[in-house]
4 protein chains.
Amino acid sequence: METIPVGLVGVTGYTGMELARLLAVHPSLRLVRATSRAEAGKTLASLYPFLQGFPVGDVAVTAPDAADLAAACRLVFLAVPHGAAMDYAAELLAAGLSVVDLSADFRLADAEVYAAWYGLPHRHPALLPEAVYGLPELYGERIKKTKLTANPGCYPTSVILGLAPALAAGLVETDGIVADSKSGASGAGRKAAVPTLFCEVHDSFRAYNLGRHRHTPEIEQELGKLAGADITVSFNPHLLPIDRGILSTIYTRLTREATVEEIHALYERHYADKPWVRVLPLGRLPETRHVRGTMFCDLGLVVDPRTGRLIVVSAIDNLCRGASGQAVACANLMSGLPVDAGLTLAPMMP
Amino acid sequence: METIPVGLVGVTGYTGMELARLLAVHPSLRLVRATSRAEAGKTLASLYPFLQGFPVGDVAVTAPDAADLAAACRLVFLAVPHGAAMDYAAELLAAGLSVVDLSADFRLADAEVYAAWYGLPHRHPALLPEAVYGLPELYGERIKKTKLTANPGCYPTSVILGLAPALAAGLVETDGIVADSKSGASGAGRKAAVPTLFCEVHDSFRAYNLGRHRHTPEIEQELGKLAGADITVSFNPHLLPIDRGILSTIYTRLTREATVEEIHALYERHYADKPWVRVLPLGRLPETRHVRGTMFCDLGLVVDPRTGRLIVVSAIDNLCRGASGQAVACANLMSGLPVDAGLTLAPMMP
Amino acid sequence: METIPVGLVGVTGYTGMELARLLAVHPSLRLVRATSRAEAGKTLASLYPFLQGFPVGDVAVTAPDAADLAAACRLVFLAVPHGAAMDYAAELLAAGLSVVDLSADFRLADAEVYAAWYGLPHRHPALLPEAVYGLPELYGERIKKTKLTANPGCYPTSVILGLAPALAAGLVETDGIVADSKSGASGAGRKAAVPTLFCEVHDSFRAYNLGRHRHTPEIEQELGKLAGADITVSFNPHLLPIDRGILSTIYTRLTREATVEEIHALYERHYADKPWVRVLPLGRLPETRHVRGTMFCDLGLVVDPRTGRLIVVSAIDNLCRGASGQAVACANLMSGLPVDAGLTLAPMMP
Amino acid sequence: METIPVGLVGVTGYTGMELARLLAVHPSLRLVRATSRAEAGKTLASLYPFLQGFPVGDVAVTAPDAADLAAACRLVFLAVPHGAAMDYAAELLAAGLSVVDLSADFRLADAEVYAAWYGLPHRHPALLPEAVYGLPELYGERIKKTKLTANPGCYPTSVILGLAPALAAGLVETDGIVADSKSGASGAGRKAAVPTLFCEVHDSFRAYNLGRHRHTPEIEQELGKLAGADITVSFNPHLLPIDRGILSTIYTRLTREATVEEIHALYERHYADKPWVRVLPLGRLPETRHVRGTMFCDLGLVVDPRTGRLIVVSAIDNLCRGASGQAVACANLMSGLPVDAGLTLAPMMP
């Protein structure tokens, strides 16, 4: 395959680390720039000893410089916080590069919704119509043609893939949906902070930001498109004492009587040509470890006739499928590569 | 205080181990018998090295023998599986002892409901009306007077305490309630089995028995009594990679507009004289570690105006509050002791 | 029992948190002051929600003020970093208070050794002769009479108790000792830092500071006193993905042939009247969970005839026995209370 | 590359699971048989849901049958317990197949040593001279030419690679070596047993089999060959609450004064053309997570001038490098493939 030079802005967080991990063994995307103001001057291998011995480990960390990135790369991953990403994107797009933005800056089509949930105005609203939501199962063809991909949030990936077949088929009510989601601690980021110290997370469990997490409008936007109707979701995240993984338990009410066999067949048909979405056999429920380190989204289906509910359980790896792996899949599509180049990974078990 | 000789039938599971831990430092209840067919002949300290040096560690494990228990004890804890407990209870009650049954055998007032969910007929239905559901906050006065306490299930304890004030006040709809509960692995028992091996549970998360866990009818029975109406609940358990702790996220719909401040005040009033139930300050949510090893039930309250929901988060220690500690509290009441004798424990942090 | 007002300087670290946990249920020591510059103005319960409902939770956190401490307290625990503790100690001692210093500032009798290993001069060397090393099994009588206790380090506690009988009996060579110690993450402190984030510690294991940890001279000082000879130890710490616990595997060479039964008897005699040191039955080895949350030091003994070695395995809880619990034991002795007041705790299992 | 049909006898343990994981994405070795008496009739994907969607997931589990294996496969991995493996090996070799035995049955050259440590006589001593110890860095050329590879034990892999350069150079004394090794729980196997339940391992740490683990003679055999002298090692294993990973801290005494820089250079030269052994930069120490899921063996070097010791810290993944990955490397060599075919994996971080 052709070799395509790519850059990574923001290498010190877990999404940056995961991009480095994936690019270390990618057959075509070659990491040529990795930036961090704080760590500039080191090599990637000195920053991340697990990369010693990989060519990517020899890449020097540099301070971010759009001109340098534009000269050296064809595509750039932005793994910096929301608010910071949008300016990089604008500058790199102007220089003709392709951009995969892992932040939230281009996920919401409506700049006012962005401002309301993220607490700052959008400085490049004109770019919003050009951004494609980077969920390959939903927007694969559009991703191939865009220069700007808004990589989905981790929680939204798990919820949207879990509900898409049911909503598209009108099988569940569009109101009253509850998503009870649980995420591993890598989702909380790599910033030094007491609440994410080992002894604060280990052997414990807690909820946070109930009903007001910023991934809510993103979930509602995409579910609304699938259902063809406005949707208000009760989205509620929790923190798991694991490194990687999101499991969402999604509660819906059926619009009509339906057997779980019928719904299972519907899901299988819906994802027939999407090998990363694995509809589990009836009676099986997902486990986060079964998707660890991969692009899989495992779905388990339960119909509870006592309450008239379809319960969908969805498991992904928040760092790979929910962030950096999905970003690589988008970069693959934007670069004319097979969507799964470098991503045919077996789950790490145990 | 007076010393009361007690027995423990079934010492090899985690509830038996936890009873031994609590009785090791109890000021009045003195463990004089501990039974296990498999481990008979050992001392408790040789079975459980953490008890070396405590008087309770010198207790010899014996095969269960009702006559011997009746002769030696005034009260007996049954920490054996459902189905096995009811016969012990009948025999010991007939001998004049008090019984705290940690199994499900006497929790459900209706023997047919028991048969339907537990898959076996009840052999002592005549005892059911004598059994008191051992939740001190709800039935403290009745527990003082009974000879047979049905110790509540771990999940039901967390859900019932979480919903009691709202249901009693008519604040939430009685239909459509969803309890998404997450439990530590000690809740799965101490039987040798591949699915609960360290490498099968650690660094992973999964749902199980969605909509069909056996604690469902127990939850519905007690919530129905609180609400004065039949209640069907969607109860859905999950397995956490932690030793101890249950966190239940309970989704309800408000019957009327209500502020979270108003609801918080209602909960504080409801539990004003129940020091083990801690209604957290507004803005705080429970964490399982904050109740580790104790009788506390921590409650966090969220009103989501977007969806008209009251979300209650409830955290307990499944082994202490959800099983053996609650059993000790019941034994205290049945023995004329203060409910918190031996149970004034500070949470283990971290 | 009498009530003794005590203060705690430095409440935000794990040793401060553990002191608060222990004092919450102590029958005689009543916490009346808790200081932290950063958290002044909060109550202890708002800082540590697990304390809600305990009287100690109502204590207000204040900025440290020696005059106020002196007026309110009879004894003060110093849970601040080395270097900072010595000035507090001097000031409080001058005001007539008793001081238990959890830092390293008064552990080393030789101010030059302190300066060499801690990288700063000792500002109060005149106090060093007054300080008693706070290991109750070794110095219980002297602790009762001092106003200044130097609370031992966590690693030294595990190593010294593990070797004391063998060294005192001349059973093992004084050179060539290796202590391979493994500590839970609470030993690394509660400072916000990337290397102790959950995702950096969980599911991993590493060594650090091999041969140059600051607890080395403290171990050598005490072992030397026991052996009556200078001792150089190879002390090597590791970081475990657990909250609490230290397990030290200590490698010695026997000075003569000896059976493990003989050595076991020697250890049992040595610790016959020290109930916190539990010499395990032959064939048993310690586990950190068996001492979790307590003052126990569990010792396992192995003789390897192939290599002529006595291997001692020693397990303690680094926060309780290795820091705050030991500090409470010292405070008990200094206050005329039984050494185990408030410390008759059963291990948290599982 | 050519496709080579291979079989796997014993698929239900963690080494069998890991072989399935690695073969799922191997470019040349195609798994065509997987055997288990207990699970016969299932597909691999139904046994191991993480394999759903991989061709290897469709392989049917069958009862072991040497004739069938011989007809279908060119090479067979034996992932059954010691004692059981040797007969399979003899039968398959007689049928002309190549065999990689993951058990201990062919690791020890001396059948009497085997009998002494494993407690049973060797039934095929005539095969012992044909077996090659499957450590590619030491015996790569011989592995290419053999039909029978004795795959090294996990602990020996970590200790031998850690000491080889120092022993070969005569840099360290051959007596008095201590290896303090710590292993993740997958090393304890996948058998249902109480001591490896989650709640028995999690948040705890313990030593076991000090001085008498069965990997001892294997370590001594290989170190002896490297040193050209008999070596007696004090080898002491511990159980870590992690899934994967071994970290060995190896204590030696230098035969002469040597700087750590000099020793570092020696190690780098020794492993210059062995990319899986990563000699870390001075000042760095290995962490098990940095090798997770891979063939890397990370080595850290410390010279302690106070005690005259060279301390080597060695980290591997016990399942991949310490078992199944090493088996695949051997199979690659035995099949004429590059040693790293299918094994160019990036560590799973975090």
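## Salt bridges in a predicted model

Arg321(A) and Glu137(A) are both buried. The model is predicted. Across all chains, a search of the whole structure finds 85 salt bridges. Three of the pairs are set out below, in chains A, B and D.

**Chain A: a link between two helices**

- Arg321(A) and Glu137(A) meet through their side chains in a salt bridge, at 2.4 Å from N to O.
- Arg321(A) sits in helix α11 (residues 320–334) and Glu137(A) in helix α6 (residues 136–145), so this pair ties together parts of chain A that are 184 residues apart in sequence.
- Side chains of opposite charge can pair when their charged atoms come close.

**Chain B: a pair within one helix**

- The side chains of Arg21(B) and Glu18(B) form a salt bridge, with an N to O distance of 2.9 Å.
- Both residues belong to helix α1 (residues 14–23) of chain B.
- Arg21(B) and Glu18(B) are separated by about one helical turn, because they are three residues apart in that helix.
- Arg21(B) has a relative accessible area of 5%, so Arg21(B) counts as buried.
- Glu18(B) is buried too, with a relative accessible area of 0%.

**Chain D: a pair within a network**

- Arg289(D) forms a salt bridge with Glu287(D).
- Their closest N and O atoms are 2.8 Å apart.
- Arg289(D) and Glu287(D) are both buried.
- Salt bridges with shared partners join this pair to Arg190(A), Glu200(C) and Arg206(C) in one network.

Methods. Residues numbered from 1 in each chain as written. Chains lettered and ligands numbered in written order. Predicted model: local features only at pLDDT ≥ 70, side-chain atom pairs only at ≥ 80, totals over all residues. Heavy atoms only, no water. Salt bridge = Lys/Arg side-chain N within 4 Å of Asp/Glu carboxyl O. Helix = DSSP H or I, 4+ residues; strand = E, 2+ residues; numbered from the N terminus. Buried < 20%, exposed > 50% of the residue type's maximum accessible area, 1.4 Å probe, protein only.
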